[in-house]
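Q: Please take a close look at a single part of this chain and describe its surroundings in one connected account. I would like each term to come with its cut-offs.

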Amino acid sequence: VWTPQSIIDTQIAAIREKVGDAQVICGLSGGVDSSVAAALVHRAVGDQLTCIFVDHGLLRAGEREQVEKDYAAGMGIRVKYVDESARFLGALRGVSDPEQKRKIIGREFIRSFEAAQREVVAEAGAAGKEVKFLVQGTLYPDVVESGGGTGTANIKSHHNVGGLPEDLKFELIEPLRQLFKDEVRALGRELGVPEVIVKRQPFPGPGLGIRIIGEVTEERLEILRAADFIVRRELTAAGLDDEIWQCPVVLLADVRSVGVQGDGRTYGNPIVLRPVSSEDAMTADWSRLDWDLVARISNEITNQVPEINRVVLDCTSKPPGTIEWE
Ligand code: XMP
């Protein structure tokens, strides 16, 4: 019979056998998959595991802290944090095209990760240890999707499977390769991964970079972060985290409209709420949120984020719209 514990036991034995006394690296994104994969490997080989967290500056408010405090410190997992926000922002300067942004973010991510990786390898080497393995949180649907290539979710270039260069000299450990998301969540709970991470909704690898329609700048990121924080807070308070698949918040940075805020006329940006319900992100329907909740979110955003003077609700299913706007 399948139980989370039986999978954990089997995987731990297999990981120990494979790894021996070598060192292991794992990239952490803050998402469910990599967090659970790392927790599992950590359970198997303890401090032989070093995680790498690349902060690309396109994260939502509090995300890095969540990984740092709730996850890593709480579970005793060693993480090397690299702040690469300046590099990503620099590379994105002047770029508005969605695919262009994705390519740049993907490329810079690999570069940042490789640099961090080289440091971990060097530090291990100095201590007489050798890094031989790389953990990836690949799930069964990722395997199928990257092989099939016909799904609507593949319309955009994703950076999950095969997001790392081929020439890495590490052997892969993919302990979740046969599992579905629900099973991974169950495993995470059993391993003691904090609920905020286990329950986390999908968030794209390119982060807020593809939720700013137009050029990505630090100022725009701050506006989007503030609005997104309010939306997440209100949806959670309304008890909708399980009901809503995800709710991208999108800044239409190049669009401005006239408004009246406080004492006078404003010329601000609109922000889009994109709450969707879905089973697998391949298709989705827009969530029929309670109007009072929508009103509350709208008021909070326009009161607290002065640059935003309009809140817009996206009522398009997928297809024809994708979940993300880019
Ligand atoms: P779309 O916008 O194609 O999104 O309907 C489908 C699902 O995929 C997520 N998404 C991504 N996830 N890297 C990711 O890891 C990406 O580049 C990426 N683009 C979209 C999106 O949030 C939704 O859950």
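A: Leaving aside neighbours within four places in sequence, Ser35 is in contact with Leu28, Tyr71, Gly188, Val193 and Ile197 (contact: C-beta atoms, placed from the backbone, within 7 Å). This is a predicted model, in which local features need pLDDT of at least 70 and side-chain atom pairs count only at pLDDT 80 or more, while totals for chains, interfaces and linings use all residues. Residues are numbered from 1 along each chain as its sequence is written.

Ser35 is found in helix H2, which spans residues 32-45 (helices, H or I, have at least four residues and strands, E, at least two; both are DSSP runs numbered from the N terminus). Ser35 counts as buried because it has 29 C-beta neighbours inside 10 Å (buried: 20 or more other C-beta atoms within 10 Å; exposed: 12 or fewer; partly exposed in between). Ala39 lies in helix H2 as well, and its 27 C-beta neighbours inside 10 Å also make it buried.

Helix H2 lies across E1, strand E2 (49-55), E4 and E5, and runs at about 160° to E1 (axes are lines fitted to C-alpha atoms, for helices over the stretch in contact, with angles from 0 to 180 degrees between N-to-C directions). These strands belong to an open sheet of five, in the order E3-E2-E1-E4-E5, with parallel pairing (two strands pair if DSSP finds at least two bridges between them). Strand E3 (79-83) and E5 stand at the edges with a single partner strand each, so one side of each is left without a neighbour in the sheet. Neighbouring strands of the sheet are turned by 30° against each other on average, direction ignored.

Strand E1 (residues 23-28) pairs in the parallel sense with E4 (residues 131-135) over four bridges, and Gln23 has Val131 as its bridge partner in E4. From E4, three bridges lead on to strand E5 (residues 171-173), again in parallel, with Val135 bridged to Ile173.

On the scale of the whole chain, an automatic or database assignment gives domain 1 (4-198) and domain 2 (211-313), whose C-alpha centres lie 29 Å apart. The C-alpha atom of Ala39 is separated by 52 Å from that of Arg265, 226 residues away along the chain. Between the domains, 10 residues of domain 1 are in contact with nine residues of domain 2.

Terms used: Two residues are in contact if their C-beta atoms, placed from the backbone, lie within 7 Å.
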